[in-house]
Amino acid sequence: MTEPLLELRGVNKSFGVVHVLHDVDFAVYPGQVTALVGDNGAGKSTLVKVIAGIYGRDNGDFLFDGAPVNVHGPRDVAGLGVEVVYQDLALCDNLDIVQNMFLGRELRHGPVLDEITMETQARETLTSLSVRTVKSVRQPVASLSGGQRQTVAIAKAVLWNSRVVLLDEPTAALGVAQTRQVLDLVRRLADRGLGVVLISHNMNDVFEVADRITALYLGRVAADVHVEEVSHNQVVELITAGRSGDLGLQNTASATI
Amino acid sequence: MTVDSDSMPTLADGEFQADTQQSGSLGDAVSAYLNRLRGGDMGSLPAILGLVVLFVVFSSLHDNFLTTYNMANLVIQSASICVLAMGLIFVLLLGEIDLSAGVAGGASATITALMLLDYDWTWWMATLAGIAVGAVIGLAIGLLVSLLGIPSFVVTLAFFLALQAVPLKLIGSGGSLRFNNEVLRGLSIKNVPVTAGWIAAVVIVLGFAALSLLRYRSQVAKGLVHQPLSLVIIKIVAMAVVILGITALLSQNRAPNPEIFTIEGIPWVAPVVIVLLLWWTFVLTRTRFGRHLYAVGGNAEAARRAGINVTGMKVAAFVICSSMAAISGLLAASYTGKVSPGSGGGNELLYAVGAAVIGGTSLFGGRGRAINGVIGGLVIATIPNGLGLLNQASYINFLVTGGVLLLAASVDAISRRRRTSSGV
């Protein structure tokens with residue numbers, strides 16, 4: 001087994017009296033898609049925001065490349081090469097694909113934008129991800145379909161040589177064909193050696209692309225398993241009841257928020 | 001497990017061809033433009049149509065409208081509106097509004113005039129003082145809008161009312177300050193020597209042609225998206241015709257009595273407007289600041305997540321707007337030769353908003369270019385110019401101004417709706 005790229009150990013997080021995350025262990029491996037599943041309120045979003053550095057941790061360790069790191073905000077995490085693609089895509093409709101992919105990190109020659117290098121790199125990134133669905137890298141994002149926009153948002157994360165990409169419900173609003181495109185892209189990201197975290201409610205998507213599944217139940221990790229070891233139904237039970245046969249939390253009755 | 005990205009199966013160039021094909025033929029470019037029009041992205045087209053309509057109407061109603069003398073007048077009259085509109089574009093890009101820009105210009109011009117008259121400052125120090133007043137006003141507005149979160153409509157309405165007190169207090173009710181500094185007044189009443197005007201015009205045309213062709217060449221060399229060569233050449237030729245045509249027109253002797261006087265050459269205000277236009281076009285299209293401005297106007301949340309300082313961008317936009325308003329106020333004072341308590345408090349602001357919007361800037365943010373202010377400014381300035389020739393009662397002026405503003409906003413709203421539905 002390879003070393004985890006990013007690892008959380010024994011993380012707790014409370015908001016006032018509400019204890020949201022209980023001793024959560026979570027690991028992201030290079031070249032693998034880790035699916036993070038759980039019912040509404042299980043703590044998925046909180047965990048993602050802790051990883052992204054938006055929320056601090058009450059206690060627990062944050063390890064990157066096997067070494068503990070101090071992260072104090074989103075910039076520290078981004079500096080490690082961790083990118084989060086949020087569900088409400090952070091794209092500007094009035095800018096084109098290149099401009100969006102380089103937003104906030106534009107390349108320059110002195111004070112002048114270096115459009116030539118930016119366009120070349122954007123095209124190289126899209127090509128290396130085998131993205132063939134966009135007509136032109138200079139078309140405004142407003143003219144793209146949902147799947148294409150998701151593609152651009154993901155490609156933006158890849159462009160910056162990220163090592164870990166967290167995708168929050170990337171297929172939630174997409175049709176069948178577009179979901180196909182995005183899932184293919186997710187798989188290709190992992191094949192490039194990135195650690196990918198896929199947050200999803202859709203079991204078909206999870207079983208299709210994930211290598212590992214981490215199930216959260218009421219803020220606890222109910223199971224962290226290889227996808228071959230579990231069935232569709234077992235995962236659903238883990239999500240809804242926190243246990244499934246020998247798997248999962250053995251004492252769910254005492255699990256409280 | 002790690003796969004080197006170099007060993008990834010990458011696509012041959014041919015497989016991404018749909019991308020570079022955009023450079024296709026002139027026909028493709030024309031049909032792409034028509035598609036954009038149909039989709040509601042009209043750019044400056046309403047302004048150009050408006051200009052044609054106004055020219056046809058006024059020239060048929062009054063013989064003197066199309067004389068070179070009046071055309072030069074039109075250039076001088078439009079200068080302050082163009083500059084004010086260019087400044088407003090920065091706040092409009094963010095989806096904000098600055099109702100106080102007109103009176104900020106009046107207040108700034110008052111300070112400049114006082115410095116010239118009472119303190120004997122040189123013209124450029126007095127000008128800088130006026131622009132500094134504008135910048136401070138913009139800073140105050142920007143901080144109130146971005147830090148306290150008061151809607152810009154309310155903040156600038158308050159400034160619109162309060163700033164009118166400045167010239168009234170400093171000048172006194174019913175009075176006015178002379179604005180007869182040789183240089184500043186000369187902007188409106190003196191002309192660039194004909195030879196120098198021609199040289200400048202040719203330099204601008206050649207510069208534009210060289211930049212366009214160099215850009216085209218490097219885009220082709222690197223395999224980037226580019227326009228067809230024929231379109232690039234058509235744009236250069238059109239630009240040359242407009243600039244050289246206007247230069248030729250203004251280089252004629254346009255004095256009412258050509259035997260006695262000689263009035264010829266480009267009025268000095270035109271180079272002022274052109275330099276500002278080139279500078280702000282550069283800032284908006286070629287710098288990181290400009291890119292971030294569009295990003296904040298398009299999706300402030302996305303801009304914030306991309307690490308852009310949204311608060312800072314808002315403050316900067318208001319500072320630029322009010323500083324440009326100060327320059328506009330100086331040009332207006334230069335034209336009338338005086339500053340009075342009412343300067344900037346009349347139709348100026350609504351004219352400028354109308355100019356920006358008719359020129360193609362959206363009131364909803366994220367869309368607009370510096371050239372919009374100049375083209376729109378020419379359209380709007382034609383209205384009082386033509387109505388003035390016709391000796392119409394001033395109530396007509398108000399009616400027409402209101403109507404134009406409403407029309408411009410309607411065009412903007414309709415084109416925005418079409419854009420949303422067609423996704424252009």
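**View 1. Strand 9 and strand 10 of chain A run side by side.** In this predicted model, strand 9 (residues 164-168) and strand 10 (residues 195-199) of chain A pair in the parallel sense, and five bridges link them. For a pair of residues to look for, find A:Leu166, which stands opposite A:Val197 in strand 10 of chain A. As background, strands of a sheet pair through backbone hydrogen bonds, either parallel or antiparallel.

**View 2. A helix packs on the sheet of chain A.** Helix 6 (residues 176-191) of chain A touches strand 3 (33-38), strand 9 and strand 10 of chain A as it packs on the sheet. The direction of helix 6 makes about 150° with that of strand 10 of chain A. Now look for helix 5 (residues 146-159) of chain A, which lies across strand 6 and strand 9 of chain A. Helix 5 runs at about 175° to strand 6 of chain A.

**View 3. Six strands of chain A form an open sheet.** Follow the strands across in the order 6-9-10-3-11-12, and you will find that their pairing is mixed. Which strands stand at the edges? They are strand 6 (82-85) and strand 12 (220-226) of chain A; each has a single partner strand, so one side of each is left without a neighbour in the sheet. On average, neighbouring strands of this sheet are turned by 15° against each other, direction ignored.

**View 4. Chain A meets chain B.** Here 34 residues of chain A are in contact with 36 residues of chain B. On the chain A side, strand 8 (112-113) and helix 4 (115-128) are the elements that give two or more residues. Helix 4 of chain A supplies the largest share, six residues. What kinds of residues does chain A bring to this contact? The side of chain A that touches chain B has 12 nonpolar, 12 polar and 10 charged residues.

**View 5. Chain B is assigned two domains.** Domain 1 of chain B takes in 44-190 + 291-413, while domain 2 covers 191-266. Taken over C-alpha atoms, the centres of the two domains are 26 Å apart. Five residues from domain 1 and six residues from domain 2 make the contact. On the domain 1 side, these divide into three nonpolar, one polar and one charged.

**View 6. B:Leu213 sits in helix 10 of chain B.** This helix spans residues 194-221. Is B:Leu213 buried, exposed or partly exposed? With 14 other C-beta atoms within 10 Å, B:Leu213 is partly exposed. Look also for B:Ile233: it is 20 residues from B:Leu213 in sequence, and their C-alpha atoms are 8.4 Å apart in space.

**View 7. Helix 9 and helix 15 of chain B cross.** Helix 9 (residues 182-189) and helix 15 (residues 310-336) of chain B pack at an angle of about 75°, with axes 7 Å apart. They are therefore roughly perpendicular to each other. Helix 9 contributes B:Leu184, B:Arg185, B:Leu187 and B:Ser188, and helix 15 contributes B:Leu330, B:Leu331, B:Ser334 and B:Tyr335. The residues of this contact divide into five nonpolar, two polar and one charged.

**View 8. Helix 12 packs against helix 17 in chain B.** The angle between helix 12 (residues 269-286) and helix 17 (residues 370-389) of chain B is about 145°, and their axes lie 8 Å apart. From helix 12 come B:Val273, B:Leu277, B:Trp280, B:Thr281 and B:Leu284; helix 17 answers with B:Ala370, B:Ile371 and B:Val374. Seven of the contact residues are nonpolar, one is polar and none is charged.

Conventions. Residues are numbered from 1 along each chain as its sequence is written. Chains are lettered from A and ligands numbered from 1 in the order in which they are written. This is a predicted model: local features need pLDDT of at least 70, side-chain atom pairs count only at pLDDT 80 or more; totals for chains, interfaces and linings use all residues. Domain bounds come from an automatic or database domain assignment. Two residues are in contact if their C-beta atoms, placed from the backbone, lie within 7 Å. Ala, Val, Leu, Ile, Met, Phe, Trp, Tyr, Cys and Pro count as nonpolar, Asp, Glu, Lys and Arg as charged, and the others, Gly among them, as polar. Helices (H or I, at least four residues) and strands (E, at least two) are DSSP runs, numbered from the N terminus. Two strands pair if DSSP finds at least two bridges between them. Axes are lines fitted to C-alpha atoms, for helices over the stretch in contact, and angles run from 0 to 180 degrees between N-to-C directions. A residue is buried if 20 or more other C-beta atoms lie within 10 Å of its own, exposed if 12 or fewer, and partly exposed in between; C-beta atoms are placed from the backbone. Angles under 35 degrees count as roughly parallel, over 145 as roughly antiparallel, 65 to 115 as roughly perpendicular and the rest as oblique.
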